[in-house]
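This briefing covers pockets, a cavity, ring pairs and selected residues. Please read it beside the sequence and the 3D view.

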Amino acid sequence: MWLIIFAAVIITAVGGLIYLAAGFYRLAVVKKIAEKNKAAAWIISFAAVAVIALPWLLVVNMWAMAVVLIHLFLFKLIFDAVSFIASKICKRTPNWNISTAAAMIFTASYLSIGWYSAHNVVITHYNLTTEKDIGEPLRIAMIADSHLGTTLDGDEFAAQMKRLDDMNVDAVMIV
C-alpha cells in the first residue's frame, strides 16, 4: 500500500512540475522563443520553475520548497480552469499570461499570510465552565500546530514555552 502511495506522490510531483513548466511555456515571451528553438523554450520554462523552487530549498528546506510548488501547481490548475471556462463563455482565447500571473500572485499572497501567521503565535483566551467539582479553577494553556522543525525550530519553540511559563498556568498541552 505504501508503495502505491509513494508512487502516486512521485507521479503527481513530476506531473505538477511538467504542468508548471508547460504553463511558463505558454507565456507570450516564451512562445516567441519557441518559434525559433523549442528546446530553448522548454529549458527556459523549467528554469522558471527552478527559479521559484530553489530559493526555498536553499534558504528554508525541502519541505518548504514542496509546499510552494504544490500550492503553485494547484492554484495554477484552478486559475487555468477559470480562464478556460471564462474564455468559452466569452468566446475568446484563454489568456494564459493572466492566469499564470494570477496564480503566482495568489500563491505568493496566500503563502505569505500563512508564513506570517505561523511565525506570529497568537494568544486566544477562553473561559470554560463545568458542573464537575474540580477544586480550584485551572489555568490550562495549549500550543497547537507548531510544525516543530519546519516552522518553529528548537529555540523558537523554547521561546514559546517560556511565554507559556510566564503566564503561570497549571498545565500545558502541546497538540
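Contact means that heavy atoms lie within 4.5 Å. The model is predicted, so local features need pLDDT of at least 70 and side-chain atom pairs count only at pLDDT 80 or more, while totals for chains, interfaces and linings use all residues. Residues are numbered from 1 along each chain as its sequence is written, and side-chain values use heavy atoms, with hydrogens and water left out. Helices (H or I, at least four residues) and strands (E, at least two) are DSSP runs, numbered from the N terminus.

Buried means under 20% relative accessible area, exposed means over 50%, and partly exposed is in between (1.4 Å probe, protein chains only).

- Serine 87 is part of helix α4 and is buried, at 6% relative accessibility.
- Serine 87 is in contact with Arg92, Thr93 and Pro94, leaving aside neighbours within four places in sequence.
- Serine 45 belongs to helix α3 (residues 38–59) and is buried, at 0% relative accessibility.
- Not counting residues up to four places away in sequence, serine 45 touches Ala21, Phe24, Tyr25 and Val30.
- The C-alpha atoms of serine 45 and alanine 22 are separated by 6.9 Å, although these residues are 23 residues apart along the chain.

**Pockets**

On a 1 Å grid over the protein atoms alone, a pocket is an open set of points with protein on both sides within 12 Å along at least five of seven lines, and a cavity is a set of points where a 1.4 Å probe fits but cannot get out; lining residues have an atom within 4 Å of a point. Grid points are joined across faces, edges and corners, and a volume is the space filled by probe spheres set on the points. Ala, Val, Leu, Ile, Met, Phe, Trp, Tyr, Cys and Pro count as nonpolar, Asp, Glu, Lys and Arg as charged, and the others, Gly among them, as polar.

- The largest pocket holds about 1600 Å³ of space.
- This largest pocket is lined by 49 residues, of which Val122, Thr124, Met142, Ile143 and Ala144 are the closest to its centre.
- At least two lining residues of the largest pocket come from each of α4 (62–90), α5 (96–119), β1 (140–143) and α6 (154–166), and α5 gives the most, with seven residues.
- The lining of the largest pocket is made up of 28 nonpolar, 16 polar and five charged residues.
- The second largest pocket holds about 480 Å³ of space.
- Val9, Ala13, Ala66, Leu69 and Ile70 are the closest to the centre of the second largest pocket, out of 16 lining residues.
- The lining of the second largest pocket has 14 nonpolar residues, two polar residues and no charged ones.

**Cavity**

- One cavity of 30 Å³ or more is found in a search of the whole structure, and the largest cavity holds about 30 Å³.
- The largest cavity is lined by Leu20, Phe24, Leu72, Lys76, Thr100, Ala103 and Met104.
- α1, α4 and α5 are the elements that give two or more residues to the lining of the largest cavity, and the largest share, three residues, comes from α5.
- Five residues of the cavity lining are nonpolar, one is polar and one is charged.

**Rings**

Rings of Phe, Tyr and Trp (its six-membered ring) pair if their centres lie within 6.5 Å; planes under 30 degrees apart count as stacked, over 60 as edge-to-face and the rest as tilted.

- The structure holds seven aromatic pairs.
- Tyrosine 19 and phenylalanine 73 form an edge-to-face pair, at 5.8 Å centre to centre and 80 degrees between the planes.
- Because tyrosine 19 lies in helix α1 and phenylalanine 73 in helix α4, the pair ties together parts that are 54 residues apart in sequence.
- Tyrosine 19 is partly exposed at 21% relative accessible area, and phenylalanine 73 is buried at 18%.
- Phe75, Phe79, Phe106 and Tyr110 are linked into a cluster by ring pairs.

**Positive phi**

- Lysine 91, in the loop between α4 and α5, has a positive phi near 55 degrees and is not glycine.
- Lysine 91 is exposed, with a relative accessible area of 76%.
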